[in-house]
Amino acid sequence: MDFSAQLDDLQQRAAQAKQAAQAAVTESREQLHQRIDQAKVEVDQAAKDAQQDASAAAASARTKWAQMKADAAAKMDDLQARIDKRNDQIDANVAADDAAWAEDDAAAAIDYASWTVDNARLAVLDAIDARVSADELANKADA
């Protein structure tokens with residue numbers, strides 16, 4: 001399994017998310033909405049992929065990770081519903097409260113991503129250790 005390539009991909013996606021956030025701060029609302037729409041498309045695709053992973057996964061560890069992805073997709077659906085609701089609201093106080101919720105959601109998502117990366121690191125190291133151990137045992141058995 002090529003964990004390095006997967007971690008490189010994760011690092012690249014994190015960098016792209018950072019760049020998108022930095023660029024979004026200076027964009028018009030229309031540009032920001034286009035950026036949000038594109039992100040929704042990408043999240044929806046990831047959710048579909050996660051659902052496919054969940055249905056295809058037979059091993060319990062793979063199922064657990066697929067379920068975590070599906071749970072994240074459900075959270076994104078909830079976030080999408082709030083985005084849609086916010087776009088319909090006019091009251092400034094409600095909009096300010098909604099902005100605070102959105103900021104809290106973003107902070108929680110970043111915290112969750114950080115936790116997920118830490119757990120991915122542990123899982124990768126454990127997988128590498130398990131492979132090394134299996135190879136050592138196979139070599140001893142062959143000797």
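Surface patches are made of residues that have over 30% relative accessible area and no salt bridge, with like charges joined within 9 Å and nonpolar side chains (Val, Leu, Ile, Met, Phe, Trp, Tyr) joined within 5 Å. The accessible areas themselves come from the Shrake-Rupley method with a 1.4 Å probe, and for residues only the protein chains shown count as cover. The structure is a predicted model, in which local features need pLDDT of at least 70 and side-chain atom pairs count only at pLDDT 80 or more, whereas totals for chains, interfaces and linings use all residues. Residues are numbered from 1 along each chain as its sequence is written, and side-chain values use heavy atoms, with hydrogens and water left out.

The protein chain contains four helices and zero strands, where helices (H or I, at least four residues) and strands (E, at least two) are DSSP runs numbered from the N terminus. Read from the N terminus on, the order of its elements is α-α-α-α. Of the 143 residues of the protein chain, 8% count as buried, a term that means under 20% relative accessible area, while exposed means over 50% and partly exposed lies in between (1.4 Å probe, protein chains only).

Leu125, Ile128 and Val132 form a nonpolar patch, and together they have about 260 Å² of accessible area. Ile128 belongs to helix H4 and, because its relative accessible area is 42%, it is partly exposed. A negative patch is formed by Asp126, Asp129, Asp135 and Glu136; for such patches Lys and Arg count as positive and Asp and Glu as negative, whereas His and the chain ends are not counted. The place of each charge is taken as NZ of Lys, CZ of Arg, CG of Asp or CD of Glu. Asp135 is located in helix H4, which covers residues 92–142, and it counts as partly exposed because its relative accessibility is 39%.

A search of the whole structure finds one aromatic pair. The rings of Tyr112 and Trp115 have their centres 5.8 Å apart and their planes at 25 degrees, so this pair is stacked. Rings of Phe, Tyr and Trp (its six-membered ring) pair if their centres lie within 6.5 Å, and planes under 30 degrees apart count as stacked, over 60 as edge-to-face and the rest as tilted. Both residues lie in helix H4, three residues apart, which is about one turn of the helix.

Side chains of opposite charge can pair when their charged atoms come close. Five salt bridges are found in a search of the whole structure, a salt bridge being a side-chain nitrogen of Lys or Arg within 4 Å of a carboxyl oxygen of Asp or Glu. In one of them, Asp9 is joined to Arg13, with the closest N and O atoms 3.5 Å apart; both residues lie in helix H1 (residues 3–24), four residues apart, about one turn of the helix. Another salt bridge joins Arg35 to Glu27, with 2.5 Å between the closest N and O atoms. Arg82 and Asp105 also meet through their side chains in a salt bridge (1.7 Å, N to O). This pair links distant parts of the chain, since Arg82 is in helix H3 (residues 60–88) and Asp105 is in helix H4, 23 residues apart. Arg82 is partly exposed because its relative accessible area is 22%, and Asp105 counts as partly exposed because its relative accessibility is 25%. A network of salt bridges links Asp78, Arg82 and Asp105.
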